[in-house]
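Student: I'm new to this one, and I'd like to know what stands behind the words used for it. Please take me through it step by step.

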Amino acid sequence: MSDQRSDSTAINAVLDAIEVKKFGGELSEEQISSVVAGYTDGSVPDYQMAALLMAIFINGMSREETVALTRTMADSGERYSFPECVDKHSTGGVGDKVSLTALPIVAACGAPVAKLSGRGLGVTGGTIDKLESIPGFTFEMTERQFREQIERVGMALTEAGDLAPADKAIYALRDTTGTVDSLPLIGSSIVSKKAATGAGFLIYDVKCGSGAFMKTPEKARELAELLVDLSEALGVSSSALITDMDNPLGRAVGNALEVRESVALLKGEEAPEDLARMARAVAVRLLQLKDTPDPERAVEEALTSGAAYAKLCEFVEAQGGDPGFLESPVVSGSVAEVRAAEGGYVERFDALGVGQAALVLGAGREKKGDPLDYGAGVEVLVRSGERVEAGEPVALLYGEKNVERAEKLVREALRLSEQPTESAPAILDSL
Ligand code: URA
């Protein structure tokens, strides 16, 4: 077919698709693949794709349409195949170091890890940024290097790169056209990238609360069910946890600070209980998907023997990072204390506010491409359920930028009650 003919076929397909979706109809798999191929190769213009995305946003998609969209986007670029490997995906949170902790544990238990990672988005941190706080660490590798590292070390992390390019193009358009928060578009976007990475076993950690995409347990469960269903439809064995994001996970928020807290947990040093519980739960779930006998015992052994920490060091070194940094992660030397203005019981240390404080201190990006201060961030010193007295230190701010703004955000994030409160559960639901 000439280029002109294929351009007009794609444009006819998108115009037909807009007509169907604006009246709530259903698209065929062929229509979906023509439109996606046309948008990815540039023959469908942004304005037509944006009109279609808005019609989908308003009228939704059937399960069949969503599966077809997921498969088409997964097939739009390179597809790796690691059927023996495990992967995990978090929908994004504040202080979320589950990948840094649970994955070395499962790799130490003999389940190979082939993980696709992302950068931070707004207040939600990204595993790539956290690991890049380690001098020399790189995500740049070919498929061959990725495969060799999995075989040699049992654990490798990569960036989307050439995987699912259709999702990359469509996500960028959604981001600027108010069409991000649509369940079928979010589900197909996440699962297409994971399916293209090719791990055979996946756990989704769907965060729920102020610092997450999904604000209510009902919405989080709906997304979790969709992610598991789409993954299974594409041949990936998967399960999901729904976890709290009204509070940050653990105490540390910020790249090198989070590496430091993860190392403490893996070395068996003092570490926050919610993080320890989450890391164990995710590791056990992944080992269960792989049919590992007695996964709880395997996880404990990996932690107490030092095998999980040794695996983290081996993995960091394999990706160019300095494992010496793990022994003593460098965080900002500029530290300010925030003290409670009044006494009370901690209802929550609001994840969104703490995440915003870490971001303005330099741990996150206010706009795309902003440089990070890897040593910046926040450490919360009190947790939900605890009693605080007026004048007691409640948080440490690391970094030199916007300290006053960060202090105000942290103060507002600390929600106190006169009545005793309960500590927030880390895991809210599972499927
Ligand atoms: N993360 C993704 O990868 N895609 C979405 O649509 C939303 C969050």
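This is a predicted model: local features need pLDDT of at least 70, side-chain atom pairs count only at pLDDT 80 or more; totals for chains, interfaces and linings use all residues.

Student: Let's start with T70. What makes it count as buried?

Tutor: Buried means under 20% relative accessible area, exposed means over 50%, and partly exposed is in between (1.4 Å probe, protein chains only). T70 has 0% relative accessibility, so it counts as buried. T70 sits in helix α4, residues 63-74; helices here are DSSP runs of H or I with at least four residues, strands are E runs of at least two, and both are numbered from the N terminus.

Student: And which residues is T70 in contact with, leaving aside its neighbours within four places in sequence?

Tutor: Those are S188, V191, S192, L230 and L234, where contact means heavy atoms within 4.5 Å. T70 also has a polar side-chain atom 2.6 Å from the backbone oxygen of T66. A polar contact is a pair of N or O atoms within 3.5 Å; within protein, one must be able to donate a hydrogen and the other to accept it, and residues adjacent in sequence count only if both atoms are side-chain atoms. In contrast, the C-alpha atoms of T70 and L414 are separated by 40 Å.

Student: Now the ligand. Which residues surround it?

Tutor: Y171, R174, I186, S189, I190, K193 and F213 do; to be near the ligand, a residue needs a heavy atom within 4 Å of it. That shell divides into four nonpolar residues, one polar and two charged.

Student: How do you know that R174 has a polar atom by the ligand?

Tutor: A polar side-chain atom of R174 lies 2.8 Å from a ligand oxygen. K193 has a polar side-chain atom 2.6 Å from an oxygen of the ligand, and S189 has one 2.6 Å from a nitrogen. Overall, the protein covers 87% of the 240 Å² of accessible area that the ligand has on its own.

Student: How far does α14 reach from its first C-alpha to its last?

Tutor: α14, residues 307-318, reaches 16 Å, close to the 16 Å expected. Its buried residues include Y309, K311 and F315.

Student: What does α16 span between its end C-alpha atoms?

Tutor: α16 spans only 15 Å, whereas a straight helix of 13 residues would span 18 Å. Of the 13 residues in α16, 11 are buried, and what covers them includes β8 (344-349) and α17 (403-413).

Student: Last, the loop. Why is D294 called partly exposed?

Tutor: D294 has a relative accessible area of 42%, which lands in the in-between class, so it is partly exposed. D294 is in the loop between α12 (273-289) and α13 (295-304), and its C-alpha is 9.0 Å from that of V284.

Student: Is D291 buried or exposed?

Tutor: D291 has 67% relative accessibility, so it counts as exposed. D291 is found in the loop between α12 and α13.

Student: What is the phi of D291?

Tutor: D291 has a positive phi of about 60 degrees although it is not a glycine. Phi of D294 is positive too, near 45 degrees. Most residues other than glycine have a negative phi.

Definitions and conventions. Residues are numbered from 1 along each chain as its sequence is written. Side-chain values use heavy atoms; hydrogens and water are left out. Accessible areas come from the Shrake-Rupley method with a 1.4 Å probe; for residues, only the protein chains shown count as cover. Ala, Val, Leu, Ile, Met, Phe, Trp, Tyr, Cys and Pro count as nonpolar, Asp, Glu, Lys and Arg as charged, and the others, Gly among them, as polar. The expected span of a helix is 1.5 Å times one less than its number of residues.
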